[in-house]
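The entries follow in the order in which I looked things up.

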Amino acid sequence: MATFSSTIRGPQTEQGEGGVHPPVRGGGGDGGRGDGYPDYGQRLRRVRVGLAIGLTSVTMIFVALTSAYIVRRGLPTYDDHTRTYISDWIPVELPLALLLINTALLAASSLTAELARRQITRQAALAPVRSIPGVSLGRESGFPWLGLTVVLGLGFLTGQWLAWRELADRGFYLATSASSSFVYLLTAAHGVHLLGGILVLLYAATVSFLLHRPIEGRRIVVDVAAWYWHFMFVLWLGIFALLWFVR
Amino acid sequence: MVAQDAHAHAGPQGFIRKYVFSLDHKVIGIQYYFLALVAVFVGMALSLLMRIHMIWPTAILPIVGEIKPETYLQLLTMHGTIMVFFVLTTAPQSGFGNYFLPIQIGAPDMAFPVLNMLSFWTTFVAFVVMLAAFFAVGGAPLHGWTGYAPLSALTNSGPGEQLGADLWITSIAIFCIASLMGALNFITTILDLRAKGMTMMRMPLTCWAWFITAILGLLAFGVLLSAGILLLLDRNLGTSFYVPLVVVNGQVMGHKGGSPLLWQHLFWFFGHPEVYIAILPGMGVASQLLSTFARKPIFGYKAMVYALMAIGILGFVVWGHHMFMSGMSPYSAFAFSIMTMAIGVPSAIKTFNWLGTLYKAKIRFQTPMLYAIGFVSLFVSGGLSGPFLAQPVLDIPLHDTAFVVGHFHLIMGVAAIFGMFAGTYYWFPKMFGRMMNESWGRIHFVITLVGTYCIFMPMHYLGMAGQPRRYSQFTELAYLQHLMPLNRFITYAAIVTIAAQFIFVINLFWSMFKGPKASDNPWEATTLEWTTATPPPHDNFGGHTPVVYHGPYEYSVPGAAKDYVMQTDPAGVAAH
């Protein structure tokens with residue numbers, strides 16, 4: 001029993017990750033430390049951690065679909081006429097030009113999302129200075145990057161819709177073949193996730209703006225929405241590459 | 001301190017905000033707990049009907065009437081699904097985890113309280129949708145909790161496979177989303193909200209178990225969600241992900257070229273980690289309680305943590321051992337077999353460390369401790385048949401027999417349930433401010449332990465004697481006639497064991513209102529939940545922030561004033 005005391009230590013001076021930040025009571029979603037000023041830095045970090053973890057599960061959803069795609073593509077089917085196993089995988093004729101335009105739209109929206117993120121980060125950083133009476137920082141450029149991102153995102157979704165129409169015109173419907181099922185499925189799954197991002201951006205651009213929420217709070221929404229948006233762009237590149245190169 | 005005291009305000013006062021759509025992790029934890037309690041009684045009633053049908057196949061039962069073969073399969077499907085998702089996944093992780101994880105790491109709440117509320121109510125909706133399958137036209141689905149295609153992927157493959165099966169898949173998809181939200185919250189909370197001094201390696205093993213479980217859930221439920229969406233598309237929109245060219249009742253279905261094995265791969269990629277999602281929180285609770293009631297530090301804390309991680313990692317590379325019968329390449333089967341048996345190593349580390357904790361200890365045999373020891377017993381008994389089933393040559397004769405049923409019920413079902421019982425008897429004083437009745441707790445323990453062994457141990461023999469699972473009737477099969485006495489014995493044991501569970505429920509609710517008042521630390525335990533008031537205030541620590549100085553299991557420390565040193569006790573330093 002002599003070994004028990006070895007685990008007793010003094011108060012840890014090298015704090016763990018949990019101790020890096022002072023244990024400010026910002027949690028509970030009920031309003032920070034109680035002195036009316038929530039710790040936005042801590043809240044931003046927490047939401048970013050949550051986003052990274054959430055994106056892991058989104059990744060797993062698409063990993064599952066991708067592996068199903070690859071397995072199904074390599075799967076032979078028994079053919080009654082020849083009495084052998086043959087591949088029944090029909091490569092889908094993707095509307096390449098349209099999809100490239102869509103990709104460009106999404107790339108542009110990712111860029112504008114980043115500009116929106118930086119814009120609001122700067123505004124949030126300068127807000128305390130600006131609130132000092134008599135201090136003027138000149139006019140900020142109020143370009144609506146957020147709104148532009150939403151417009152470009154909706155443009156991408158419309159483009160995807162047109163691509164579906166194009167596929168249907170070429171005779172590829174959801175249930176036509178395994179390959180076309182996967183094309184619709186992967187693009188739809190991505191589209192749904194992107195739509196979620198658009199809703200968050202719309203929330204950041206309108207509701208919290210109109211309600212005069214503190215800029216720091218809006219900044220957090222815009223920040224994670226922008227990172228989510230970048231992820232959606234990279235995810236689309238992966239899906240596009242899969243559908244094109246692994247036809 | 002003024003600012004912090006100002007924060008120590010009471011929670012919301014209205015009934016709806018306080019008890020229904022509450023953001024308080026403690027209320028949400030209790031909500032999850034009671035959801036699981038309702039679910040476990042539904043699942044238990046279904047199993048009772050199945051057991052009765054097995055020995056009296058022609059009996060006309062109340063409510064359900066005559067049990068036809070398809071009715072039996074519907075009972076089996078719903079029993080498995082409700083138990084796995086709404087009991088084993090819900091209570092140990094979401095119930096106890098929600099309540100005690102933030103308190104044990106010294107946080108005022110979960111990282112995202114609104115998300116927490118959403119994930120509970122999403123789970124609730126999933127449960128309602130699942131129950132609705134009973135009332136759908138054609139009844140509940142009959143494809144088993146594993147939902148193997150093409151049976152599950154065709155709408156005319158049997159009664160219950162129309163709307164009932166759609167509701168079943170929808171419910172599981174909703175449950176996946178709820179679990180993903182919950183897992184996100186758990187992981188963020190542990191990474192970001194630990195109190196000062198609460199390093200990862202000072203967390204109680206319960207927190208480690210919840211952490212690893214949340215990671216498993218995060219990675220596994222997304223895959224099940226994908227698989228479920230493919231299944232819904234196959235059923236309703238004519239795709240052929242899982243369905244090959246099939247003829248049902250002389251009618252050629254429109255599907256072609258799909259692979260039923262694809263479903264099995266996707267399902268078991270989720271399904272095997274799910275087994276650990278059910279059992280790991282129980283392991284955490286057992287570790288916590290064995291140390292507390294043995295008045296000794298847990299034997300090999302770090303080894304326990306690394307064993308949890310190893311089990312979590314290995315859990316993702318063994319799904320193929322559920323598919324040895326699917327005609328997989330013997331080389332794949334060999335790889336899956338080796339990986340599966342490798343899980344025996346961290347499991348044995350845990351078991352020996354539990355035994356090492358008990359060795360030469362002055363054990364306090366109170367009800368929570370009895371259940372923790374029972375957990376170890378069941379984990380060993382159920383675990384030992386694992387390496388048998390992990391080997392293809394043994395799995396092939398034993399597959400789809402009662403042997404498998406006995407195996408997984410002992411280790412995944414009853415062991416996890418014992419973890420929940422242990423947690424209930426242990427944390428009840430903190431949750432409701434009163435003690436549970438000790439005598440009735442012991443009686444409940446003895447009947448439940450003996451009863452479950454009587455139910456599930458003989459199933460191993462039945463399986464080896466060739467009794468298949470999922471068959472609704474054995475009375476017509478000549479070669480199984482000599483097993484009927486054993487089958488009757490199991491059913492009688494099940495009736496007694498199920499009856500004994502009412503002792504628990506009565507004890508639970510009676511103690512909630514009439515039990516003796518509990519002190520803040522009735523078990524003389526060291527972790528943070530025992531430093532705060534009973535029951536804990538809205539922000540858990542009444543406006544102050546705990547600072548942690550020790551690991552979680554400082555019992556019988558030489559030189560210390562008492563035989564335990566609280567994690568928040570700076571005085572323990574002087575003893576060194």
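Entry 1, a helix pair in chain B. I began with handedness and found that α7(B) and α8(B) cross in a left-handed way. The model is a predicted one, so I am noting computed values throughout. Helix α7 of chain B covers residues 163–192, and its axis lies 8 Å from that of α8(B), at an angle of about 150°. Angles over 145 degrees count as roughly antiparallel. α7(B) and α8(B) are therefore roughly antiparallel to each other.

I then picked Phe375(B) and listed its contacts, leaving aside neighbours within four places in sequence. Phe375(B) is in contact with Gly282(B), Ala286(B), Ala415(B), Phe418(B), Gly419(B) and Ala422(B).

Helix α16 of chain B spans residues 402–432. I noted an angle of about 165° between α16(B) and α17(B), and 7 Å between their axes. The two helices α16(B) and α17(B) are therefore roughly antiparallel. Their crossing is left-handed. On the α16(B) side the contact includes Ala402(B), Phe403(B), His409(B) and Tyr425(B). On the α17(B) side it includes Gly441(B), Phe456(B), His460(B) and Met464(B).

Helix α17 of chain B runs over residues 438–464 and helix α18 of chain B over residues 484–514. They pack at an angle of about 155°, with axes 9 Å apart. That angle makes α17(B) roughly antiparallel to α18(B). I recorded this crossing as left-handed.

How many helices and strands does chain A have? I counted six helices and two strands. From the N terminus on, their order is α-α-β-β-α-α-α-α. Chain A has 247 residues, and 33% of them are buried. Among its contacts with a separation of 6 or more, 73% join residues 24 or more positions apart.

The mean pLDDT of chain A is 82, and 81% of its residues reach 70 or more. Over residues 1–36 of chain A the pLDDT is below 50. Beyond near neighbours in sequence, I noted 83 contacts for this stretch in the model.

Note on methods:
Residues are numbered from 1 along each chain as its sequence is written. Chains are lettered from A and ligands numbered from 1 in the order in which they are written. This is a predicted model: local features need pLDDT of at least 70, side-chain atom pairs count only at pLDDT 80 or more; totals for chains, interfaces and linings use all residues. pLDDT is the predictor's confidence in each residue, from 0 to 100. Two residues are in contact if their C-beta atoms, placed from the backbone, lie within 7 Å. Helices (H or I, at least four residues) and strands (E, at least two) are DSSP runs, numbered from the N terminus. A residue is buried if 20 or more other C-beta atoms lie within 10 Å of its own, exposed if 12 or fewer, and partly exposed in between; C-beta atoms are placed from the backbone. Axes are lines fitted to C-alpha atoms, for helices over the stretch in contact, and angles run from 0 to 180 degrees between N-to-C directions. Angles under 35 degrees count as roughly parallel, over 145 as roughly antiparallel, 65 to 115 as roughly perpendicular and the rest as oblique. A crossing is left-handed if the near helix is turned anticlockwise from the far one by less than a right angle, and right-handed if clockwise.
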